Amino acid sequence: MQNWCKKLFIVLAACAAAGPLHAQDNSRGWQVELKKLAFDVTSTEVKHAEAYQDFSEARLTSDSQSAVRGLFDMIADYHAKHYLWTNELLMDYGRTKVRPVEGEKVTNENADNILLTTGYTQRLWKVDDFMGGFEMGPFFNLGYETEFTKPDHSPRKKILRGTGGVKLFEGKYIKNLFAAVVGERDYTYHPAASKLAWEAGVKVEQPIREGVTAKYSALYRKYVSTSEKRATDLSYEFEADARLDVQLYKNLYLAPFVSYYTAKGKYVSKRGENVYVGVSLSFSHLFHEAK
C-alpha cells in the first residue's frame, strides 16, 4: 500500500508541476476511426470418423467442428480545448459448433456482447516528461450493454450503466488508467435492479519496433450493493487481454492474443473462468483525424 501511495504522490506532483492544460497542447475537432474490424474463422471437417475410432490418429477420429468470431470497434471522438467527448460502439461475437461422431451437434457461444458508450472527460492537466506523458482529469460515461442472441436458459442481457471517476489518458504508453464508481440499472430480469459497484481499468501500449506493438488491458469491477437479490448476482468480475499487433500491410494487422475472464457469483462457491487463445487478422482505418 505504501508503494502505491508513493506512486500516486509522484503522479499528482507531476501534474501539479505541469500546470493546467494549454490550448496548443490539444488536438481539435472530430476524430472518427474504425479502431478494429477483426474476423476469425476455423473449420475442421472429418469424414467417416466412426470407422476409425480404434485408431490412434487424432486427425481421423476427431469430431467435426467450426468456430467463428468477429469484433467491431468504432469511435467518434470530439477533441476540444478543455474537454474530450467520446463515443464508441463495440460488438463482439463468437460461436463454436461441434458435430460429434455419435450424438447431436452442440453449439456454444464463447462471446456475445454489444456495448454502446458516450462519455465526457475534463482535460485538467498534461504531463510531458513522466511515464511517456499523459493527460489527466475527471470523467463520466453513460453506456448500454446487451447481446446479439438470447441465451437458452436466461433472458437477453440489458444493462444501463453510468460511470464516474478520474483517469489518465492519451499518453504514449498509458492509453487509459482509471478508477471509478459505477451505477447500474439492470433490465435483464423483472423487476429491474439498481446496482452499485466500483471499478478500475488500464490500457497500455508498448512499441516493440516499427510495425509491432504490444497491447495490454485489464478491468476489475466489484459489486457493492443491489436493490434486488437474485441467484445470478455477481460479487466481482475481472477481464484481461494481451496481444501483439504485427503490421502486415498498411492498416492490416496480425495479432496473436490471449484473453482471460473470471467472475464470482455471490451465491456460488466456485468462480467461473474463460480463457481464449488465438490469432486475429484485423483491419483499422482513420476516417477523420483531429488536428
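This is a predicted model: local features need pLDDT of at least 70, side-chain atom pairs count only at pLDDT 80 or more; totals for chains, interfaces and linings use all residues.
The loop between β10 and β11 holds Arg230. This residue is buried yet has no salt bridge, since the nearest side chain of opposite charge, that of Glu228, is 4.8 Å away, and a salt bridge requires the nitrogen and oxygen to be within 4 Å. A polar atom of the Arg230 side chain does, however, lie 2.2 Å from the backbone oxygen of Pro191. Beyond its neighbours within four places in sequence, Arg230 is in contact with Tyr189, His190, Pro191, Ala192, Ala193 and Tyr267.

Turning to charged pairs, the model contains 16 salt bridges. One of them joins the side chains of Asp186 and Lys195, at 3.3 Å from N to O. Asp186 is buried at 9% relative accessibility, and Lys195 is buried too, at 16%. Lys195 also forms a salt bridge with Asp233, with the closest N and O atoms 3.8 Å apart. Because Asp233 lies in the loop between β10 and β11 while Lys195 belongs to strand β9, this pair ties together parts that are 38 residues apart in sequence. Both Asp233 and Lys195 are buried.

A further salt bridge brings together Arg161 and Glu145, at 2.9 Å from N to O. The pair links distant parts of the chain, with Arg161 in strand β7 (residues 159-169) and Glu145 in strand β6 (residues 134-146), 16 residues apart. Arg161 counts as buried at 10% relative accessibility, as does Glu145 at 12%. These two residues belong to a network of salt bridges that also includes Lys157 and Glu184.

Aromatic rings complete the picture, with 12 pairs counted. The ring centres of Tyr78 and Tyr83 are 6.3 Å apart and their planes meet at 35°, so this pair is tilted. Tyr78 is partly exposed, at 27% relative accessible area, and Tyr83 is likewise partly exposed, at 29%.

Note on methods:
Residues are numbered from 1 along each chain as its sequence is written. Side-chain values use heavy atoms; hydrogens and water are left out. Helices (H or I, at least four residues) and strands (E, at least two) are DSSP runs, numbered from the N terminus. Buried means under 20% relative accessible area, exposed over 50%, partly exposed in between (1.4 Å probe, protein chains only). Lys and Arg count as positive and Asp and Glu as negative; His and the chain ends are not counted. A polar contact is a pair of N or O atoms within 3.5 Å; within protein, one must be able to donate a hydrogen and the other to accept it, and residues adjacent in sequence count only if both atoms are side-chain atoms. Contact means heavy atoms within 4.5 Å. Rings of Phe, Tyr and Trp (its six-membered ring) pair if their centres lie within 6.5 Å; planes under 30 degrees apart count as stacked, over 60 as edge-to-face and the rest as tilted.
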